[in-house]
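Student: Could we walk through this structure together, one question at a time? I'm new to it.

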Amino acid sequence: MKIIRNIISVVLLICSLPSFAQQTPAPKQSEAFSVEGAVAHLGNGEVIENSLIMFQDGKITFVGDAKTKIARQGTLINATGKHVYPGFIITCTSLGLVEIDAVRATNDKDEIGEMIPHIRSLIAYNAESKVVESMRPNGVLMGQISPKGGTISGTSSVVQFDAWNWEDAAVKTDDGIHLNWPNSFKQGRWWLGEDAAFKPNKDYAKEVGDIETFFKNAIAYGKTTPASVNPAFAASQGLFSGTQKLYIAADGEKEIIDAVTFAKKLGIQHIVLVGGYHAYKITDFLKENKVAVLVRAPHNLPEFDDDDYDLPFKLPKLLSDAGLVVGIQNMHQSNFQNRNLPFYAGQLVQQGLSKEKALQMITSNPAKILGIDADYGSLEVGKSATLFISEGDALDMRTNQLTRAFIDGRDISLETHQTELWKRYMEKYNSK
Amino acid sequence: MRFLALATLWCSVSLFAQDYFPNNEGVKADNNNFTAFTNAKIYISPTKILDNGTLLIQNGKVVQAAKSVSIPKNTVIINLEGKYIYPSFIDIYSDFGVEKPKKASNGGRTAQYGPSREGFYWNDHIMSEKNALSSFSFDDKKAKELREAGFGVVNTHIQDGIVRGTGALITLNSNGTDNDRVLDDKSAQYLSFKKSVTSQQSYPTSLMGSMALLRQMYHDMDWYAKGNSTTKDRSLEALIAHKNLVQIFEAKDKGHILRADKIGDAFNIQYTILAGGNEFESINEVKATNASLIVPLNFPVAYDVSNPYQAEYVSLEDMRFWNQAPTNPKVLAEHGVTFSFTLHDLKETASFKSNLLKAIAYGLPKEKALAALTTVPAQILGKTNQIGSLEKGSLANFLITSGDIFEKETLLYENWVQGQQNIILDKNQKDIRGEYDLVAGENTYKLSISGEINKPKVEVKEGEDKLTAKINFDNQWVELSFNNKEGDKVYRMTAPVDPSTDLLTGRLWLPNGSESTFKATKTAPFDEKEKKADASNDDSSEVLALTYPNLGYGYKSKAQQETILFKNATVWTSEDAGILEATDVLVKNGKIAKIGKNLKASGATVVDATGKHLTAGIIDEHTHIAALAVNESGQNSSAEVTMEDVVNPEHIAIYRNLAGGVTTAQLLHGSANPIGGRSAILKLKWGVSADEMIYSNSPKFIKFALGENVKQSNWNSYSRFPQTRMGVEQMLINYFQRAKEYEAKKKSGQAFRYDEEMEVLVEILNGERFISCHSYVQSEINMLMKVAEKFNFKVNTFTHILEGYKVADKMKEHGVGASTFSDWWAYKYEVNDAIPYNAAIMQSQGVTVALNSDDAEMSRRLNQEAAKTVKYGGMTELEAWKMITINPAKLLHIDERVGSIKEGKDADLVLWNDHPLSVYAKAEKTLIDGTVYFDLEKDKQQREAIKAERSQLINLMLKEKGKGAATQEPQKNTDELFHCDSL
């Protein structure tokens, strides 16, 4: 008994220490909220200058002008002079799969194997990741968690960023399969003594052929009910039935055309282009084939010396101007960078895109691409109350200052491991 | 013929049987006969030419070459009417006959820090004691190949290592022995920046390490020569012995030429330098070295750009290099640079002549071309009395040709080496080309012989029908065969060629096996038109203009200082004055001349800055752009290396930084070792040389590093001390203590070994050099401050310093500044507690805080990073802006010159179209020292120009391919982008 008591007191002691653990997820919305007076950026391109937004039981019940004569429900939040946005959505990220890049033990993003659609990100997603929680104070409230590496990396799921566990976090399970299209140019393996230059990839046709062989077999496999299960073929069936999307990472003009043509030919119903560095050269083709693009974030360097210095800055705008549905991802950088998602959109405004269009690229467009737009991505009646209030323009670093945030109406914490350390040390200095 | 062969045999016997060698193969017999070559055009040297002269040789040497020569009676006379004689060529940079060094096996998984040898210098890559002849065996096959290209003498050496020892000067005389052939067994000493493949010793891992090693080696040589060493070092002894030899340095790049020359200058050595072919891009700097160059006669071939997607991978820079490189010899000649040619780096010796002709077609005078192959190499080696000309007493090394050797159709008949004849083509070969009536059997055919004299082509027609035909012409015999119309029967013929007649007649074998005679009567001479059509292929194509630097976004002419008046701007002063609304700023003579309202200046370019923001240029305290190397990781301390040695002024990242408003950056050594290398503080001037980018009178800095990188935690390396933070402290204390003792010894007047590393550490102890220390966690930050305090100096800057917020009070007390990331974390374990509030917390405790990039992407939008401190921790906008201007200027001790807008300071300015801390702001103009280095409008024009020039070059390359020229597959070469843990 004494031992047990001791254990309990130790446990209590640990719990009461300045917390380094994740913030406690908010409970289910129990009372209604009315946010009044803010500039509401609806995420669908519309703005309401002096708005009233009400939500209850996790759903938005009213979006309109604050002058509307309607009873305010529940807790009234005066947001005069502030801005309201739908929660931002990051795609193609390995958030929650990797905690510390350099520590192998914390890395769960890349499984062995070239074609492994049956590998599922969701079950490895760490809902208590400190990196995940650091997204929230910047307004990034949801994400598509995807495996990396190989040719077919695996299957992603969409999660929200305030949960006890992966199961609670899941918004859309196994939403899509991620394919890395081969490159027609390849860098020499300099670590093996080869020339480090990029040269034509002699194996390109073969590598493409391997993918084709895989999918053709998956199609054949799906036509019967085989006695022996092939997990990879089985996991691909959603692509042909239309329940899953195929996310194809490709950057070159030739690669993009090859990839899209290939997917159409095989009857893969929904394809999304990921990356798309040279997509701006073939926007008509992409439009014709109704391909949406999750384009690489603007905070990247141009890939060619002769490129415009600001090509990455304006690339999403070029695609959007051409009428494509565009979202922004930053899968090649460390996960912590994903909290800069709002500023990626801001960068596009620098390039001349309207703020509301830029906002769509991190809200309603990714929601549409991920197939969660019935519930998320914009502030509309009947949709999930996943939104936040910022002191100022959330797309600009100096004014992105969140005061409140809600996921499915749940009043979530904006504190993190980082804000706690900040407060702890400021307290130390201030008490001197 | 037979007589000549016999003469050759006699010669060889007489020349190459040394007097004191016993002869058991017959009786001893000397041949002291003369050989005279008469009636030839003789190039005694490139500038001394006889039109109808005689060359007299005896015993392998030139007796005389003159218009009229009195020919002794015992002379064999060879009439060379219509032919030319040239001194044979010299390849001064060869590895002829030398065994290729064997690669050391990669034994252990961790690096080897100590040497593999004993009794030599501490570094395996210094091999001054090596000599080419120690692994030499005369390569007959290669000698023949070289003679066929016109070479008579090569200067060979072991092409491996940083110091490669001595080379040997050798004739390509296949008839003699090494006793005859070796003209000098220590003709020069060779050096390079490249490590030996024969040792795995890791130091130096970088270009700057190689440079430092060479400098230290010369210091050590001097120290050793004065008898200070108590041990024997055969490398240093050899180095001392070779001091007065010609020193040949392998640079292979215009920038490396300057690097090598700088080392030479420091030790009063003038290197002769192996060039890279891109010297025309920096011709004035190259010329200023006063070095003689050895230039590989090698030009890039066109890229195969027929696939447009693939063509996109080739940069304008690389396309241009293809276009401009053939002008390199011409440009060198025009600027009076002394240079010789070499076959080095040529894939095939056979391409030597076509490349030579190409250089001439691109403007190289023939006289210079000949000099580069004869007199210049002789002069470089100090052997003009022996080789390179046909002056009296020189070796009888010469070429007999059908005409001007620099014409395409000219044939090389003979290459004489040390008086030994080597026939390459029969010089008496008759020109049988022309039109003939051929009578064979019952029929008459039209026979047409064309092509080259020694390699004729043939066409046989029966009426209008072309028949399949073959011809071979060798040793004065012609062999001809052709098929009948149906192709099932062969007529075969052979005939000796009679020089006295144009008639070809000889034996004929008819298809039925019977034998007969044939007769071909010449009806018309060979038509020269075809020849001319061939020659036009060699015309040089249009050469495009150079830019500064010579790549896509380079400027047509170097940017110039201007007088500029900015009117009505919102001026962010980064001074106490704060933000001045509606203010004018006058820029003159590179300085901020005046700040005020309603300013006027005659002759100034007026910029309407209404609604715009003018700020000081951004300063990045921590960058690795514009560098050819970042880490010297071969030792745990590398204070002897300096980033100033490896500045790359042609890095596109410089331009992109300017487009982001960055004007100054500290190029830091990486974080591979606790004591890193010295910094280069740069002004990012686009289009100037590396030296012009480095701050004049630059404050002295050095990079230190702590934590995971120096412990080598994140890769498999377990052998280098230190592996823990505990070890780092002890290592630092040890080095500083040794530096203290070193200085004491130096000051005492005792003999001491000059140690570049210790000299740098002494500067730190004396407060003359500042530390910028890569650091993350609080324990190590605190540790370094305590170590510094123990040795009575202050740490200047902690860079990265992501846990600085935990010890901000201690940092303030020590007086150290901080240069940090705005929001980076989670990339390694030691940044687990990194928080974006770091900058604001340190600032609140009175620490001078700057924000840096360590990243080529982030550095071009540091204004946005500064804005994040407003979000994280609530900095005021004025203070946030200072974190990328005046604060880093203070940390770098350049705040008297840059970092704020103040009258008298350098005009390093940025004009923004919006609030500079906003993500919506774009730099419109970036000035350094009053010169506009980035202009948004100009940038638009550059883009168009790049498009047009790419298309022009692609067309030229397609044309080249169309002509049947060799091509290479498209490729993308990229400058490396470094972070501080790049190895």
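Student: In which order do the 6 strands of the open sheet in chain B come?

Tutor: First, a word on the source: this is a predicted model, where local features need pLDDT of at least 70, side-chain atom pairs count only at pLDDT 80 or more, and totals for chains, interfaces and linings use all residues. Residues are numbered from 1 along each chain as its sequence is written, with chains lettered from A and ligands numbered from 1 in the order in which they are written. Strands here are DSSP runs of E of at least two residues, helices are runs of H or I of at least four, both numbered from the N terminus, and two strands pair if DSSP finds at least two bridges between them. The pairing in this open sheet of chain B is mixed, and the order is β33-β35-β36-β37-β38-β39.

Student: Which strands stand at the edges of that sheet?

Tutor: Look for strands with a single partner, because one side of each is then left without a neighbour in the sheet. One such strand spans 675–678 and the other 849–851. From one strand to the next the twist averages 25°, using lines fitted to C-alpha atoms as axes and angles from 0 to 180 degrees between N-to-C directions. The edge strands are β33 and β39 of chain B.

Student: What is the bridge partner of Arg678(B) in β35(B)?

Tutor: β33(B) and β35(B) (residues 701–705) run antiparallel, joined by 2 bridges. In β35(B), Arg678(B) is partnered by Ile702(B).

Student: How many residues of helix α10 of chain A are buried?

Tutor: This helix covers residues 341–350 and is largely enclosed by the rest of the structure. Its cover includes β8, β9, α9, β17 and α11 of chain A, together with α23 of chain B. Among the buried residues are Phe343(A), Tyr344(A) and Val349(A). The count for α10(A) is 10 of the 10.

Student: Which helix supplies the largest share of the side of chain B that touches chain A?

Tutor: Contact means C-beta atoms, placed from the backbone, within 7 Å. 52 residues of chain B are in contact with 42 residues of chain A. Helices supplying at least two residues each include α9, α15 and α26 of chain B. The largest share, 5 residues, comes from α23(B).

Student: Which residues have the most contacts inside the largest nonpolar core?

Tutor: A nonpolar core is a set of buried Ala, Val, Leu, Ile, Met, Phe, Trp, Tyr and Cys residues joined through C-beta atoms within 7 Å. The largest has 370 residues, and its largest share, 9 residues, comes from helix α4 (207–225) of chain B. Those with the most contacts inside the core are Ile248(A), Val293(A) and Ile85(B).

Student: What percentage of chain B is buried?

Tutor: Chain B has 26 helices and 43 strands. Of its 983 residues, the buried ones make up 52%.

Definitions and conventions:
Two residues are in contact if their C-beta atoms, placed from the backbone, lie within 7 Å. A residue is buried if 20 or more other C-beta atoms lie within 10 Å of its own, exposed if 12 or fewer, and partly exposed in between; C-beta atoms are placed from the backbone.
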